[in-house]
Amino acid sequence: ADYTVTEAGFGADLGAEKFLDIKCRMAGLRPDAVVIVATVRALKMHGGVKKDALARENVDAMLAGAENLRRHVRNIKDVFGLPCVVAVNRFPDDTDAEIDALTHAMDAEGVKVLPSEVWAKGGEGGRELAKLVMEEASHADPAAFTFTYPDDMPLADKIRAVATRIYGAKDVSFTPAAMKTLKQLTDEG
């Protein structure tokens with residue numbers, strides 16, 4: 001096939017990190033592009049809007065919640081070195097002002113945003129998104145793809161790398177029991 005598409009799982013911190021750091025490493029895969037899927041409703045919830053108020057336009061809350069999306073975008077671009085686009089699963093309550101504000105916010109990250117209306121229009125609702133992903137993939141530099149940590153790094157340092165580089169932790173600490181388990185895992189190869 002010219003293109004292979006897979007769903008890595010939820011978030012560029014959980015599913016994508018495991019897919020990129022573990023599966024791609026073990027299988028020798030080198031992705032060309034990443035699609036981060038978001039919804040205006042979820043971004044508004046991240047911005048503090050209660051579930052019963054999600055149908056009302058709230059650009060400010062959506063932008064506040066977009067900080068979460070920004071972290072996912074930066075993980076993909078800055079940690080893994082991959083180009084990405086943001087697909088917004090558009091729902092009837094989403095307003096043009098909200099989509100435009102999100103598009104502008106992601107412009108600052110150098111990432112294109114495109115609404116996807118596959119759920120309402122079938123394949124036709126995703127045609128423009130598919131074209132954009134193909135365009136981004138065609139500009140990919142396979143050598144730019146990197147992992148969060150080198151394969152030969154000690155386990156505790158791998159955990160630290162994921163915690164700090166992906167999740168934004170300042171540092172990690174290990175209980176004595178965790179250190180014992182890390183030693184056992186290391187000793188067992």
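Helices (H or I, at least four residues) and strands (E, at least two) are DSSP runs, numbered from the N terminus. The tour below uses these element numbers.

The model is predicted: local features need pLDDT of at least 70, side-chain atom pairs count only at pLDDT 80 or more, and totals for chains, interfaces and linings use all residues. Residues are numbered from 1 along each chain as its sequence is written, and side-chain values rest on heavy atoms, with hydrogens and water left out.

Strands of a sheet pair through backbone hydrogen bonds, either parallel or antiparallel.

Next, select residues 84-89, which make up strand 2; five bridges join this strand to strand 3, and the two run parallel. Within this pairing, centre the view on valine 86, which stands opposite valine 113 in strand 3.

**The helices across the sheet**

**The cysteines**

Select cysteine 24 and cysteine 84. How many disulfides are there by this rule, a pair of cysteine sulfur atoms within 2.5 Å? The count is zero. The sulfur of cysteine 24 has its closest cysteine sulfur in cysteine 84, 15 Å away, which is too far for a bond. Cysteine 24 is buried, at a relative accessible area of 1%, and cysteine 84 is buried at 4%. Buried means under 20% relative accessible area, exposed over 50%, and partly exposed in between (1.4 Å probe, protein chains only).

**The salt bridges**

Turn now to the charged side chains. The structure holds 14 salt bridges, each defined as a side-chain nitrogen of Lys or Arg within 4 Å of a carboxyl oxygen of Asp or Glu.

Select lysine 121 and glutamate 117: the closest N and O atoms of this salt bridge are 3.1 Å apart. Lysine 121 counts as exposed, at 51% relative accessibility, whereas glutamate 117 is partly exposed at 28%.

Move to arginine 127, whose salt bridge with glutamate 124 has its closest N and O atoms 3.1 Å apart. Arginine 127 is partly exposed, with a relative accessible area of 42%, while glutamate 124 is exposed at 53%.

In helix 6, select glutamate 128 and lysine 131. They are three residues apart, and therefore separated by about one helical turn. Their side chains meet in a salt bridge (3.5 Å, N to O). Glutamate 128 is partly exposed at 48% relative accessible area, and lysine 131 is partly exposed at 44%.

For the last stop, select Glu67, Arg70, Arg74 and Glu109, which are linked in a network of salt bridges.

How values were computed: Two strands pair if DSSP finds at least two bridges between them. A disulfide is a pair of cysteine sulfur atoms within 2.5 Å.
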